[in-house]
Amino acid sequence: MASLGDLLRDWHQGAQAVARGDWDCALRLFSSVSEPPARVSFNVGCVHLLAGDPEAALRAFDRAVTKDACLAVGFLQRGVANFQLERFQEALSDFQRTLAQLRDNTAIDYTQLGLRFKLQAWEVLFNVAAVQSQLGLWTEAACSLGDAISKGPEGVRNDLDIALGQVQKQVPLQPRQVPRGEVFRPHRRHVEHLEPVDFLGKAKSAHGEDAGQQAPPGLLAAGEPSPGSSEEPTGAGGAAPGDPESLATVTVQCVLTLSLTAPRGADLSRLRALMSEALPPHAQRAQLSYQDPSEDGRWVPLSGEEALRRAWRDAAGPGGLHLQCRGVGGRPVLYQVVAQHVYSAQRPEDLALQPGDTVDVLCEVDQAWLEGHCDGRTGIFPKSFTVPAARRA
């Protein structure tokens, strides 16, 4: 029988495979989990949807909601699978069960359970209207959209008005679903316990724990220096071996948040060597940046050793060094922009924005749209909603 550590490892690696778009690998890893919990079965269903197999997705979501009858997001996704299979009555039932699980609340935030998604009541009502439009129940669909408008925030009112106009013209709607590539991930703390990395960059064995919430998308604050070891090497800053004060916590956000113990003043090659033990693709190709307190906390690229020495000087206190891997899957960051207006995601591939969000631009899709990365999310957004980071007010 597989250990809990094996379950967590396959779960975590499967989520990483989803993040890089490797559906076959993700399914292989998630399916290797014996007696999977509801959230892993949910992940299997989401990957099958991404791979264009709604029949297999339906079976996986069936398993998920059987194991957890209160998993509202599971009923939502099962409804999407039924919709794609043109089983509209079943889809309508699933979306109505999703609403029942909301229990008159406006939203359920799944972030603390490891899924970066907030299930909104207005979106579920939109999906009810989408099914009703497919069934030719135009009056009922308009009523459902009216309910969605009453429950939705101001920022989505225009979109719902457009959808209502479509229904009034008897144009069918398509349902909303969990954003593309979002799945439940195990708790960062439990992942760290699987293969913690020491200051020499070597993985140490440890026992996994039960899975829970996923790490927040923002960079976590670094902890206090770790206890000293008689095997600690002298760092670039010249501290003596075995001196606890010579160590600092370096917290790096990539696909997951990684916490390393390194000698204070360690150079770029040492930091990348430490990262490469846990995140080979990102350590080798991603651009590292640090949070500059003199620049209102902006992330500044580490262009060389001089920039890193400045970062170490700024991190002289006990808080440690805060770094980020700029980019996703090793993709370079072209430049940064800052959102000036609210942008609500219209499709799963969209990147929702709030004023003040700093976005790493990964691709210029066309003259009007950019692809970017912000707070652990990747998607496309209108260029006109942003300004270059250098012009930030």
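Reply: Let us begin with Glu140, which is found in helix α8; helices (H or I, at least four residues) and strands (E, at least two) are DSSP runs, numbered from the N terminus. This is a predicted model, in which local features need pLDDT of at least 70 and side-chain atom pairs count only at pLDDT 80 or more, while totals for chains, interfaces and linings use all residues. Residues are numbered from 1 along each chain as its sequence is written, and side-chain values use heavy atoms, with hydrogens and water left out.

Me: Why is Glu140 called partly exposed?

Reply: Buried means under 20% relative accessible area, exposed over 50%, and partly exposed in between (1.4 Å probe, protein chains only). Glu140 has a relative accessible area of 38%, so it is partly exposed. In space, Glu140 and Ala129 are 7.3 Å apart, C-alpha to C-alpha, although they are 11 residues apart in sequence.

Me: What makes Ser144 buried, and which residues does Ser144 touch?

Reply: Ser144 also has its place in helix α8. Its relative accessible area is 7%, and therefore Ser144 is buried. Contact means heavy atoms within 4.5 Å; leaving aside residues up to four places away in sequence, Ser144 touches Leu125, Val128, Ala129 and Gln132.

Me: How do you know that the span of helix α9 is close to the expected one?

Reply: The expected span of a helix is 1.5 Å times one less than its number of residues. Helix α9 (residues 157-168) has 12 residues, for which 16 Å is expected, and it reaches 16 Å from its first C-alpha to its last.

Me: Which residues of α9 are buried, and why are they said to be on the same side?

Reply: The buried residues in α9 are Leu160, Ala163, Leu164 and Val167. They cover an arc of only 105° around the axis, and therefore lie on the same side of α9; the arc is that of the directions from the helix axis to the C-beta atoms. These buried residues pack against α7 (121-134) and α8 (138-151), whereas the face turned away from the buried side of α9 carries the exposed residues Asn158 and Gln168.

Me: What makes α3 a largely enclosed helix?

Reply: In α3, 12 of the 13 residues are buried, so the helix is largely enclosed by the rest of the structure. Among them are Phe42, Cys46 and His48. Helix α3 covers residues 38-50 and reaches 19 Å, close to the 18 Å expected.

Me: How many disulfides does the structure hold?

Reply: A disulfide is a pair of cysteine sulfur atoms within 2.5 Å, and the structure holds zero disulfides. Cys46 counts as buried at 6% relative accessibility, and Cys374 is buried at 2%.

Me: Why is the aromatic pair of Phe83 and Phe88 called edge-to-face?

Reply: Rings of Phe, Tyr and Trp (its six-membered ring) pair if their centres lie within 6.5 Å; planes under 30 degrees apart count as stacked, over 60 as edge-to-face and the rest as tilted. The structure holds six aromatic pairs. Phe83 and Phe88 are 5.2 Å apart, centre to centre, with 70° between the planes, and the pair is edge-to-face.

Me: What parts does the aromatic pair of Tyr343 and Trp369 tie together?

Reply: Tyr343 and Trp369 form an edge-to-face pair, at 6.2 Å centre to centre and 70° between the planes. Tyr343 lies in the loop between β8 (335-339) and β9 (358-364) and Trp369 in strand β10 (residues 369-374), so the pair ties together parts that are 26 residues apart in sequence. Tyr343 is buried at 8% relative accessible area, whereas Trp369 counts as partly exposed at 25%.
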